[in-house]
Amino acid sequence: MQRLNVVIRTAISVLIPLIAISVLHAEDWPTWRGIHRDGISTETDWTTNWGEAGPKIRWRYNVGTGFSSIAISKGKALSLGNQDDTDSLLCLKVENGKRLWRYDYPAPLDDNNFDGGPTSTPTVDEDRVYILSRAGNLVCLDLESGKVHWTKNLPAETGVEVPGWGFASSPLVVDSHLILNVGQSGMKLDKMTGEVVWQSEGEAAYMTPLAIEVGTKPLLIIASGKFYQGIDRETGEQLWKQRWLTNFGCNASDPIFHDGKLFISSGYNRGSALLDISSDSAQILWETKEFQNQWSSSILLNGFLYGVDGNDTGERFFKCLDFKTGEVRWSVDGLGSASFIAAANKLIILSDQGELVIANASSENFKPIARASILTGKCWTSPVLSNGHLFARNAAGDVVCVDLR
């Protein structure tokens, strides 16, 4: 009996750390680009051993037309869509896809040279959800019930200008405040009340604000239609700007900050650049037209950038670049205007035709290790990984939950 007890205690001592590790490497995805705002998940408890049948689809649900990604928090999946000139925020149960609640507001489809519908992603912060419509309706809701805490029509209440394709950035929560890419240099509000702390004039671009620290100084990186800029997070003061012109004022992909350097990229024949922003200025270290992120944001892994080069109306290539030099390491076609994330040093790619492709993140070559069709129709929206499940959608609003455990 004593020997048996020793065996049991030994087994428990082994199992507890394993359980802890499993929990540690499973995480929610409550915001655009994930918890760390870089498109990278720390999850390791997922597999590419799908077999010929492909991964299991746990459930499907249609949320309406749009390009909103999915936020995952506390067993809930949230996304925006449009049906019959009404935008809807759908809250679904992660376990089975059943609707828990729904919030509607009038909004035209506004299919201006694309399918239309919402283009921003809900942001979950503790027990609250924040959404921003293309027309500038900002709403704070209760995560559990869908009850509205407060709402603001930003153009009517603050006089801000609505950009050509409407507001597309997702709300960013930093401490007790809400940051929006509204106005050419952004807007800051109290997250509990919606009261404006500071705001800017002019036309916004479409990227989501990025909060960074340069030395000890808290900054925001925000793009307008004409430049990228560093904004003092406390005061809203513009500290520096880098002129960055594109057709239609369309700076849409998110920048990447690393080691005092800022990577920026835009489509429409603009290209990419690496800026040194370690002081109160921006200096271009390299610039190239061989890498143009139209809207699908790149990812930085182990010193290399991965992303889509090209516009949806022309040739598109998936490429790998050296972060320090801008040198193209490899280029492949066949994925179209793909969107993607990364986890466990692997690229999790959703092609624009709905094919899920997994490849090792390697600067040497691109070799898919698993692929399966999980959606049909136009797929331009970034997938998300949470607790061993992949969530993806198409422009028509079909959301799928794919079990990768």
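# Hairpins, rings and a buried serine

Visitor: Which residue in the hairpin of β4 and β5 takes a positive phi?
Guide: Asp 84, with phi near 55°; that hairpin has three residues between its strands. Keep in mind that this is a predicted model.

Visitor: What about Asp 85, what is its phi?
Guide: Phi of Asp 85 is also positive, near 55°, and the residue is not a glycine. Asp 85 sits in the loop between β4 and β5.

Visitor: Why flag that?
Guide: Because most residues other than glycine have a negative phi.

Visitor: How accessible is Asp 85?
Guide: Its relative accessible area is 47%, so Asp 85 counts as partly exposed.

Visitor: And Asn 345, where is that one found?
Guide: In the loop between β27 (339-343) and β28 (346-350). Asn 345 has a positive phi of about 60° and is not a glycine either. With a relative accessible area of 38%, Asn 345 is partly exposed.

Visitor: Back to β4 and β5. How many bridges do they pair over?
Guide: Seven, in the antiparallel sense, with β4 covering residues 76-82. Ser 79 stands opposite Leu 90 in β5.

Visitor: Is β5 mostly covered or mostly open?
Guide: Mostly covered: of the eight residues in β5 (86-93), six are buried.

Visitor: Next, β12 and β13. What do they form?
Guide: A hairpin with six residues between the strands, where Gly 183 in the turn has a positive phi of about 80°. Four bridges join β12 (residues 177-180) to β13 (residues 187-190), and the two run antiparallel. His 177 is opposite Asp 190 in β13.

Visitor: And how do β13 and β14 pair?
Guide: They are antiparallel over three bridges, with β14 at residues 196-199. Leu 189 stands opposite Val 196 in β14. This pair forms a hairpin too, with five residues between the strands and Gly 194 in the turn at a positive phi of about 85°.

Visitor: What's the strand order in the open sheet of four?
Guide: β2-β33-β32-β31, with antiparallel pairing. The edges are β2 (56-62) and β31 (384-386); each has a single partner strand, so one side of each has no neighbour in the sheet. The twist averages 20° from one strand to the next.

Visitor: How many bridges join β31 to β32?
Guide: Three, and β32 covers residues 389-393. Leu 385 has Leu 390 in β32 as its bridge partner.

Visitor: Changing topic. How many aromatic pairs does the structure hold?
Guide: It holds 16. In one of them, the rings of Trp 165 and Phe 248 have centres 5.8 Å apart and planes at 85°, so that pair is edge-to-face.

Visitor: Where do Trp 165 and Phe 248 lie in the chain?
Guide: They are 83 residues apart, so to speak in distant parts of the chain: Trp 165 is in the loop between α2 (154-158) and β11 (172-174), and Phe 248 in the loop between β18 (238-243) and β19 (256-258).

Visitor: Is Phe 248 buried or exposed?
Guide: Exposed, at 58% relative accessibility. Trp 165 is partly exposed, with a relative accessible area of 23%.

Visitor: Which residues form the aromatic cluster?
Guide: Tyr 306, Phe 318, Trp 330, Phe 340 and Phe 366.

Visitor: Which ring does Lys 241 lie over?
Guide: The face of Phe 227, at 4.7 Å from the ring centre. Lys 378 lies over the face of Trp 380, at 4.2 Å from that ring centre.

Visitor: Last topic, Ser 297. Buried or exposed?
Guide: Buried, at 6% relative accessibility. Ser 297 is in the loop between β22 (283-288) and β23 (299-301).

Visitor: What does Ser 297 touch?
Guide: Leaving out residues up to four places away in sequence, Ser 297 touches Trp 32, Arg 33, Ser 253, Asp 254 and Phe 340. Phe 340 also belongs to the aromatic cluster. With Asp 254, a polar atom of the Ser 297 side chain lies 2.8 Å from the backbone nitrogen.

Technical notes. Residues numbered from 1 in each chain as written. Predicted model: local features only at pLDDT ≥ 70, side-chain atom pairs only at ≥ 80, totals over all residues. Heavy atoms only, no water. Phe/Tyr/Trp six-rings, centres within 6.5 Å; stacked < 30°, edge-to-face > 60°. Buried < 20%, exposed > 50% of the residue type's maximum accessible area, 1.4 Å probe, protein only. Lys NZ or Arg CZ within 6 Å of the ring centre and 35° of its normal. Contact = heavy atoms within 4.5 Å. Polar contact = N/O pair within 3.5 Å; in protein donor to acceptor, adjacent residues only side chain to side chain. Pairing = 2+ DSSP bridges. Axes fitted to C-alpha atoms, helices over the stretch in contact; angles between N-to-C directions.
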